[in-house]
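This report goes through one protein structure, part by part. Look at the sequence and the model first, then read on.

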Amino acid sequence: MTNWFYDKQIQVIGQGEGYLDDSGIWHNGTETVVKTISCDIQPYTKELAYKDYGFTVDCTKRVFCEVDSTLQNGITVQYNGERYKIVKLIDWDNYYDIMLDNK
């Protein structure tokens with residue numbers, strides 16, 4: 001479902017499978033965009049997170065989006081070419097409220 005409120009997009013970054021080469025050296029998989037998610041994204045701060053929710057969490061952005069199991073605490077997302085880590089995910093009835101911090 002497309003919502004006019006969700007006029008921005010974040011990309012979920014995942015890492016492909018690594019492999020062991022013929023010499024026995026491990027090679028990590030390459031990072032790829034796993035999924036693109038429509039959302040609303042706004043500036044946010046640690047102080048606002050504490051005021052709004054009572055959480056003490058370092059954050060620079062706040063994301064609102066539909067519920068999506070791809071999104072989890074600790075994963076990396078990209079917005080406008082910058083990488084962020086999901087540091088807090090609040091699962092409401094029909095949407096997520098997510099706090100991001102620069103990675």
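## Nonpolar cores

The largest nonpolar core holds 17 residues, and those with the most contacts inside it are I10, L71, V77 and I98. A nonpolar core here is a set of buried Ala, Val, Leu, Ile, Met, Phe, Trp, Tyr and Cys residues joined through side-chain atoms within 4.5 Å. Buried means under 20% relative accessible area, exposed means over 50%, and partly exposed lies in between (1.4 Å probe, protein chains only). The elements that give two or more residues to this core are β1 (8–15), β4 (31–43), β5, β6, β7 and β8. Helices (H or I, at least four residues) and strands (E, at least two) are DSSP runs, numbered from the N terminus.

Which residues does L71 touch, not counting those up to four places away in sequence? They are I10, V12, I37, C65, V77, I86, L89, Y96 and I98. Contact means heavy atoms within 4.5 Å. A second, separate core has 6 residues, including A49, V57, C59 and I90.

## Basis of the model

The model is predicted: local features need pLDDT of at least 70, side-chain atom pairs count only at pLDDT 80 or more, and totals for chains, interfaces and linings use all residues. Residues are numbered from 1 along each chain as its sequence is written, and side-chain values use heavy atoms, with hydrogens and water left out.

## Strands and hairpins

Strand β6 (residues 76–79) runs antiparallel to β7, and 4 bridges join them. Two strands pair if DSSP finds at least two bridges between them. Y79 has E82 in β7 as its bridge partner. The hairpin of β6 and β7 has 2 residues between the strands, and in this hairpin N80 takes a positive phi near 50 degrees.

β7 also pairs with β8, in the antiparallel sense, over 7 bridges. Y84 stands opposite N102 in β8. The hairpin that joins β7 to β8 passes through 4 residues.

## Aromatic rings

A pair of aromatic rings is described by the distance of the centres and the angle of the planes. Rings of Phe, Tyr and Trp (its six-membered ring) pair if their centres lie within 6.5 Å; planes under 30 degrees apart count as stacked, over 60 as edge-to-face and the rest as tilted. By this rule there are 4 aromatic pairs. The ring centres of F64 and Y95 are 6.3 Å apart and the planes are at 45 degrees, so this pair is tilted. F64 lies in strand β5 (residues 61–65) and Y95 in the loop between β7 (82–91) and β8 (96–102), so the pair ties together parts that are 31 residues apart in sequence.

F64 is buried at 14% relative accessibility, while Y95 is partly exposed at 29%. W92 and Y95 form a stacked pair, with 6.4 Å from centre to centre and 25 degrees between the planes. W92 is partly exposed, with a relative accessible area of 38%. Ring pairs link F64, W92 and Y95 into a cluster.

## Cysteines

A disulfide is a covalent bond between the sulfur atoms of two cysteines. The test used here is a pair of cysteine sulfur atoms within 2.5 Å. How many disulfides does a search of the whole structure find? The count is 0. For C39, the nearest cysteine sulfur is that of C65, 6.5 Å away. C39 is buried, with a relative accessible area of 0%.

C59 is in no disulfide either, and the nearest cysteine sulfur, that of C39, is 15 Å away. C59 is buried at 7% relative accessibility.
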